[in-house]
Amino acid sequence: MVVFDPVSTAASAVKPVPRGPAASAAVHTSTGLKALRGSAAIAGVATFGCGEATGFSEMEVLARAAHAAVADAGLKMSDIDGLCTASVLSTMWPMPVTEYLGINPRYINGTMLGGSSFVAHILPAMMALQSGQCNAVLVCYGSTQRTSTFGRAEIAQARRVMDPQPYETPYAPMQPLSAYALATRRHMHQYGTTRRQLAEVAVAARAWAQRNPEAFMRDPLSIDDVLAARMVSDPLSVRDCCLVTDGGGAFVLVRADRARDLPQKPVYVLGNATANWNRQISAMHDLTVTAASQSGREAFAMAGLAPADMGVVQLYDAFTINTLLFLEDLGFCKKGEAGAFVEGGGIAPGGHLPVNTNGGGLSCTHPGMYGIFTVIEAVRQLRGEGGERQVPGVQTALAHGNGGTLSSQSTAILGTSETL
């Protein structure tokens, strides 16, 4: 049964949404969007090659993850009739993926918003499922940026030509690092945030990673280790920065009624929203306020839940400042208070909020675009598959993706059957 019905009443008519920080107070959640709550579920997830996948191409790690996720859902690749995928290296990426996997999707989404893309793909996929356009959507990603001969340096050089930033590229910044260092310094200046508080983020991520056998970096890490680490873009040290790894990830979305008949415990999509205010960090209205303040509010509104209702939180932690900014913008603490929020192991195992329980992009994996792994870890926690890192009794999870240089933001609220 199709539950999504675009309503044309005045109450649900689309209204202009303010841009920039003013948008944090504007929530656009129509009757039609609320009707989608819980209408789709993630039925299968998988990763492949996280860390080093020597000898594999990005297509091959994607395919391995895709096949594993489809099998995890109890389906065959021939059952997949919807595809969402994106790549840094190809603007036409869905076409070779379709060809390589040998599928014939009726629904195709190749929207490229950077690392948030795979979280942003969820809501359009739900609409496609509920309209009857397709029955099973595969969301997939793969990258071999660590072991490939065409790595991050070559990608950055190509981007300067193919995707120039007119107000930034002429100054040859070390992107994306320079942009995040700029936001970090502003947050420190404006709110008194310290390098020690930033280090708490990295140490918490490593503590979770030490409980995750899939994590790439599991060696002990202390606050002093982070503070003494090599400075790469003041005030960010190498330990404030995400990993450079290979890796593939995938998940499968189906309608809720079908998910109940599949082998894995369904994880339902309760809310999803995406916001984008800028491409270049120099075009941000406020370096301490991201579009997550809009995507988060709208995702929570669709889900009918609040930050206090979240059992686990998976954030795109490309740099330690990301975690602080997103904790604030998503409503887990007030603006300027995230430094204090994470002190004393606040987001580490045993803390008051479990954040990035797989180790995040700082210690688990970061193959160029990390967003899909926030969803996969959220699903694993909700299915009770976290092993030593499992948060007991968790029924709700937030997965948040970030793209560009604090540019696109996408938030997903997921839950077990108890939350429907």
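**Aromatic contacts, sheet, helix and cysteines**

Y316, Y370 and F373 make up one aromatic cluster. The model is a predicted one. Y370 and F373 are both buried. Searching the whole structure gives 5 aromatic pairs. Another of them joins F48 and F56 in an edge-to-face arrangement, at 5.2 Å centre to centre and 75° between the planes. F48 counts as partly exposed because its relative accessibility is 22%, and F56 is also partly exposed, with a relative accessible area of 27%.

The sheet comes next. An open sheet is formed by 9 strands, ordered β3-β2-β4-β7-β1-β8-β11-β10-β9, and its pairing is mixed. At the edges stand β3 (107–109) and β9 (312–315), each of which pairs on one side only. From one strand to the next, the twist averages 20°. Inside this order, β1 (residues 40–51) and β8 (residues 267–276) run antiparallel and are joined by 2 bridges. Opposite I42 stands V267 in β8. Helix α15 (residues 371–382) packs on the sheet, and the strands touched include β1, β4 (136–143), β7 (246–255) and β8. The list of strands touched by α15 also includes β9, β10 (396–403) and β11 (408–415). The direction of α15 makes about 115° with that of β1.

Helix α8 can be checked for its length. Its 15 residues (residues 195–209), at 1.5 Å a residue, should span 21 Å, and the end C-alpha atoms are 21 Å apart, so the two values agree. How many of the 15 residues of α8 are buried? The count is 12, and the helix is mostly covered. Among the buried residues are Q197, E200, R206 and W208, along with L198, V201 and V203. The cover over the buried residues of α8 includes α7 (177–191), α9 (223–228) and α12 (320–329). It also includes α13 (338–342) and α14 (360–363).

How many disulfides does the structure hold? The number is 0. C140 is in no disulfide, and the nearest cysteine sulfur, which belongs to C84, lies 8.4 Å away. A disulfide would need the two sulfur atoms within 2.5 Å. C140 counts as buried because its relative accessibility is 0%. C333 also counts as buried, at 14% relative accessibility, since the cut-off for buried is under 20% relative accessible area.

Note on methods: Residues are numbered from 1 along each chain as its sequence is written. This is a predicted model: local features need pLDDT of at least 70, side-chain atom pairs count only at pLDDT 80 or more; totals for chains, interfaces and linings use all residues. Side-chain values use heavy atoms; hydrogens and water are left out. Buried means under 20% relative accessible area, exposed over 50%, partly exposed in between (1.4 Å probe, protein chains only). Two strands pair if DSSP finds at least two bridges between them. Helices (H or I, at least four residues) and strands (E, at least two) are DSSP runs, numbered from the N terminus. Axes are lines fitted to C-alpha atoms, for helices over the stretch in contact, and angles run from 0 to 180 degrees between N-to-C directions. Contact means heavy atoms within 4.5 Å. The expected span of a helix is 1.5 Å times one less than its number of residues. Rings of Phe, Tyr and Trp (its six-membered ring) pair if their centres lie within 6.5 Å; planes under 30 degrees apart count as stacked, over 60 as edge-to-face and the rest as tilted.
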